[in-house]
Amino acid sequence: MAKKDRASAHISPPVVTAEGITEIQRQEVLLKTGALQNAILNSANFSSIATDEKGVIQIFNVGAERMLGYKVADVLNKITPADISDPQEVIARAKALSLELATTIRPGFEALVFKASRGIEDIYELTYIRKDGSRFPAVVSVTALRDDQGAIIGYLLIGTDNSARKRAEEALLKAGALQNAIFNSANFSSIATDEKGVIQIFNVGAERMLGYTAAEVMNKITPADISDPQEVVARAKALSLELATTIRPGFEALVFKASRGIEDIYELTYIRKDGSCFPAIVSVTALRDAQDAIIGYLLIGTDNTARKQVEAEQKQLGQRLRDHQFYTRSLFESNVDALITTDPSGIITDVNKQMEALTGCTRDELIGAPFKNYFLDPDRAEASIKLVLSEKKVTNYELTARARDGKETVVSYNATTFYDRDRKLQGVFAAARDVTERKRLDQVLQEKNIELESARSVAEKANLAKSEFLSSMSHELRSPLNAILGFAQLIESDSQPPTPAQKASIAQILRAGWHLLKLIDEILDLAKVESGQVPLSQEPISLAEVMLECEGMIEPQAQQRGIHITFPPSDTPYFVMADRTRLIQVIINLLSNSIKYNIKQGKVDVKCTASTPKCIRVSIIDTGPGLDPDQLTKLFQAFNRLGQENGGEEGTGIGLVVAKRLVELMGGEIGVKSAVGVGSEFWFELASSAGVLIPQEGGDATLAPQSHLSRGSWLHTMLYVEDNPANLQLIEQIIARHPDIRLLTAVNGYSGIEIARVSLPDVILMDINLPDINGFEALKILHSDPALAHVPVIALSANAMPRDIEKGRKAGFFRYITKPIKVNEFMDSLDVALEFAGKKSSAQS
């Protein structure tokens, strides 16, 4: 059918009504707006149904035919729109409007147009029923059609399904009542142009979105002037390639497809009046007259900002998810351990490269297989999964992995459960670390430790045997020596004077006996010192009194050798914290050596000085031949033969060793300065007793503050408890580089505790495997003493396994340093300990 004939078929034959208005007049009113209305009503994008005032359908456009499946002849002058609407919805609408408007509205066509008949704009949702009985939701816009006197002559119902609603509503352009019904919506922009693109209609939605008023754009610009120029150029190029024809940038690029009858919806950036931009979705329709000639274009746009933002957020979220997955996978693959995930039943869900290497299987082969299949003891492997599920985690669970080629690897299995975001159990995450080499080294170390313990046991037994032997020897020698010396003294004092020859022999016997007794006492003293069995009673001691006593004891020996000894004035009020008996023993030993190894008619000068307000130094200076550097290094070693190389003075070589240990047990320090041909100065320092007046150089006496430790010229004191000579020598050499630290040493736990109680050091360095009590036992004793509980104790041990270190930390060691030490780290730890000790000391003060 020709278009003209088809249009005619939409118009009923003339009929005269009671009001005297013919159907021809009604149709003329409906169609009088000309070619633009015809172009809109002929669009297939929406249904346009026009009725008379009673609701009988008079116009049924091609869009209505397409949507509802009826031909014009099926409905024209036969039914109302209510007859093709869901009857239940029509009844519900009548009830709702009756309540809303407080009036009775009958179900049927009246319910569909009642608001419009009262001049109220009405747009609602309704379900249409097609000819074949199928249904679709529609958005219906109803307008009352009036004549020039305002009388209702009919109704126009424009319907769209939900997918095409916006474009269909705006496609009804430029025609009296139709235009008012469509273009008053502000939800989308409707821009109608003439055939050249000049804007003719600019609705309220366009004004709201773009910021222009209709007067500012109508008959002045084209939609291209409010579009992103770069996008317009790009669209022209893209369409030129797509359609193989040249398309100019500008309005032509925006409507070219629509001008060729091709439905066109695209994205475009609109530019507002204020210069801001927003993304839009634009639907373009060519408007045609009755002869199908294009008379303009309709561009319906919606603001796409929200969707773009959602898309951007989704894109960003997707990228973050991919980044996170890549990061997680990288961590998974870079781990040195074999990593495995399983489901709760123990089926492998993922592995890393290390697991592939451990089993000799590919990732694809492993995923989906039972975890237990790759271990020497499948039951134990399966039990590990069950254990994780029940305990939530497992640590250091030992398994033996078995590879495809038969290779076995001992692994330490650590695992935990993992869950999704809803806390639903997903499975088990496990790490298997190869500990084969560690197991081998543990076995070697265990064997070495057994050997060392065996050697240590032998040494301990030897030391015990030596102490027992020395004690027994002392007892056995003293018994006959007592008789020898006793009878000799009886003969010497007999009423019958001995002959000169006998007298000389008796003197020789007594001299040798007393010398032998002295040797026995020195050896026994050494044994007691080394075994920590020397009892000490610390108390304030007057040096003047001690010096007076020592002078009387040593003067006969000095006179016998022709040595002149000078003691300090007895009126100097020096007091030290010491054991009186042991202090005298030390001074006599040093004086005896100064006499014994002096030159003929030599001199010995004894001095007492306050080296610091808290410390007293006793110096014994002789005019002997002096010692070279090599001799100085051996001076305090037991059983050295210094001075006896060329038939010189006899002795055991242990007197100075005993003196050194005694001074250290009393919290002091001993040393020597000597040069060949100049003589020697032996000195020792002890803490001054609390509240004693100490003379200062160039001034009056001042009250010395109380102090628990003689520091000499040192700022800090460190006690090192160690039975290994090499380790002792190492620490001694390290500390020697730090003149502000004084080092005290002990070779076992008990002696270390005794020295600590006497010297109250700032920090204690403690070996763990000591010959008597171990370092842990020693630490417990130290912490139980209120005077020492605050002193930081650093463990220095070859026990370097993590469990050893953890045991040390739990036991209360300030630091746990493993051998071999790193000097810088050792000194850093020592500095931290000393700083801690300083803060504790300040807090207590």
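**Packing and burial in a predicted model**

The secondary structure of the chain amounts to 28 helices and 29 strands. The model is predicted.

Colleague: What percentage of the 845 residues of the chain count as buried?

Modeller: A residue counts as buried when its relative accessible area is under 20%. Applied to the 845 residues of the chain, this criterion gives a buried share of 44%.

Colleague: At roughly what angle do the axes of α21 and α23 cross?

Modeller: Two packed helices are described by the angle and the distance between their axes. On the side of α21 the contact is made by Arg582, Gln585, Val586, Asn589, Leu590 and Asn593, and on the side of α23 by Gly655, Leu656, Val658, Ala659, Leu662 and Val663. These residues divide into 7 nonpolar, 4 polar and 1 charged. The crossing is left-handed, and the axes come within 10 Å at an angle of roughly 145°.

Colleague: How many charged residues does the contact of α12 with α13 have?

Modeller: The axes of α12 (residues 229-243) and α13 (residues 251-259) come within 8 Å and cross at roughly 35°, in a left-handed crossing. Val232, Arg235, Ala236, Leu239, Glu242 and Leu243 of α12 meet Ala253, Leu254, Phe256 and Lys257 of α13. By class, this contact has 7 nonpolar residues and no polar ones, and the number of charged residues is 3.

Colleague: Against which elements do the buried residues of α25 pack?

Modeller: Helix α25 (residues 749-759) is mostly covered, with 8 of its 11 residues buried. The buried residues are Gly749, Ser751, Gly752, Ile753, Ile755, Ala756, Val758 and Ser759. They pack against α23 (655-665), β25 (716-721), β26 (741-746), β27 (763-766) and α26 (775-784).

Colleague: Is leucine 760 buried or exposed?

Modeller: Leucine 760 lies in the loop between α25 and β27. Its phi is near 45°, a positive value in a residue other than glycine. Because its relative accessible area is 18%, leucine 760 is classed as buried.

Colleague: Is arginine 423 buried or exposed?

Modeller: Arginine 423 is placed in the loop between β14 (408-419) and β15 (425-434). Although it is not a glycine, arginine 423 has a positive phi of about 65°. Its relative accessibility is 59%, so arginine 423 counts as exposed.

Colleague: Which backbone oxygen does the side chain of asparagine 598 reach?

Modeller: Asparagine 598 sits in the loop between α21 and β19, and its relative accessible area of 13% makes it buried. Leaving aside neighbours within four places in sequence, asparagine 598 is in contact with Ile563, Lys603, Val604, Asp622, Thr623 and Gly624. At 3.3 Å, its side chain reaches the backbone oxygen of serine 594.

Colleague: What is the relative accessibility of serine 189?

Modeller: Serine 189 is found in strand β6 (residues 189-194). Not counting residues up to four places away in sequence, it touches Asn203, Gly205, Ala206, Met209, Tyr270, Leu299, Ile300 and Gly301. Serine 189 counts as buried, with a relative accessibility of 1%.

Colleague: What distance separates the C-alpha atoms of valine 823 and isoleucine 731?

Modeller: Valine 823 is in helix α28 (residues 823-844) and is partly exposed, with a relative accessible area of 38%. Valine 823 and isoleucine 731 are 92 residues apart along the chain, and their C-alpha atoms are separated by 9.4 Å.

Definitions and conventions: Residues are numbered from 1 along each chain as its sequence is written. This is a predicted model: local features need pLDDT of at least 70, side-chain atom pairs count only at pLDDT 80 or more; totals for chains, interfaces and linings use all residues. Side-chain values use heavy atoms; hydrogens and water are left out. Axes are lines fitted to C-alpha atoms, for helices over the stretch in contact, and angles run from 0 to 180 degrees between N-to-C directions. Helices (H or I, at least four residues) and strands (E, at least two) are DSSP runs, numbered from the N terminus. A crossing is left-handed if the near helix is turned anticlockwise from the far one by less than a right angle, and right-handed if clockwise. Contact means heavy atoms within 4.5 Å. Ala, Val, Leu, Ile, Met, Phe, Trp, Tyr, Cys and Pro count as nonpolar, Asp, Glu, Lys and Arg as charged, and the others, Gly among them, as polar. Buried means under 20% relative accessible area, exposed over 50%, partly exposed in between (1.4 Å probe, protein chains only). A polar contact is a pair of N or O atoms within 3.5 Å; within protein, one must be able to donate a hydrogen and the other to accept it, and residues adjacent in sequence count only if both atoms are side-chain atoms.
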